[in-house]
Amino acid sequence: MLTENSRYYNIKIAKWQTTSNQTISYLRRRFLPSSQRFEILQEHQVSEGDRLDNITANYLHDPKVFWHLCDANNAMHPDELTAQIGRRLRIPLI
């Protein structure tokens, strides 16, 4: 169902039974891992116009794995990683 580069790849699917006997499948909650568990490949200093998909394409060779940068930098919202020019982003080894 989910590809290996999805942040939800290893998340279990749960089922909920409604009162009208309908079964609803959903993904269990994904908790943000501790940023300290990541080995850091290098850092990237955010420049004007940087986009997270381009940064991950450059360093990790896949624009869809931007969520690894979110996890390594304790970010719940991806846009906050490139909002401040000059911010140093931790690029994790995946």
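I take contact to mean heavy atoms within 4.5 Å. The model is predicted.

**Layout**

I began with the order of elements. The chain holds 2 helices and 4 strands, and from the N terminus they run β-β-β-α-α-β.

I then looked up the overall dimensions. The C-alpha trace spans about 55 × 25 × 20 Å along its principal axes. The radius of gyration of the chain is 16 Å, whereas a compact globule of 94 residues would have one near 12 Å.

Next I asked how much of the chain is buried. Buried residues account for 29% of the 94 residues. The accessible surface comes to about 6800 Å², and carbon and sulfur atoms contribute 48% of that.

I also checked the contacts by separation in sequence. Of those between residues at least 6 apart, 50% join residues at least 24 apart.

For charge, I noted 12 positive and 10 negative side chains in the chain. The centres of these two sets are 11 Å apart.

**Helix 1**

Which residues of helix 1 are buried? I listed Leu52, Ile55, Thr56, Tyr59 and Leu60, in a helix that covers residues 52-60. These residues lie on the same side of helix 1, because they cover an arc of only 95° around the axis.

What covers the buried residues of helix 1? I found that the cover includes strand 3 (40-45), helix 2 (66-72) and strand 4 (88-92).

I followed the backbone past the end of the helix. Just after helix 1, His61 takes a positive phi of about 65°.

**Positive phi in loops**

I kept one general point in mind here: most residues other than glycine have a negative phi.

Asn21 is not a glycine, yet I read a positive phi of about 65° for it. Where does Asn21 lie? I placed Asn21 in the loop between strand 1 (13-17) and strand 2 (23-27). I looked up its accessibility too: Asn21 is exposed, with a relative accessible area of 59%.

Asn74 also went into the notebook. Asn74 has a positive phi of about 55° and is not a glycine. I located Asn74 in the loop between helix 2 and strand 4. Is Asn74 buried or partly exposed? With a relative accessible area of 45%, Asn74 is partly exposed, since the term exposed is kept for values over 50%.

How values were computed
Residues numbered from 1 in each chain as written. Predicted model: local features only at pLDDT ≥ 70, side-chain atom pairs only at ≥ 80, totals over all residues. Heavy atoms only, no water. Buried < 20%, exposed > 50% of the residue type's maximum accessible area, 1.4 Å probe, protein only. Arc of directions from axis to C-beta. Rg over C-alpha atoms; globule rule 2.2 N^0.38 Å. Areas by Shrake-Rupley, 256 points an atom, 1.4 Å probe, with all protein chains shown as cover. Lys, Arg positive; Asp, Glu negative; His and termini not counted. Charge placed at Lys NZ, Arg CZ, Asp CG, Glu CD.
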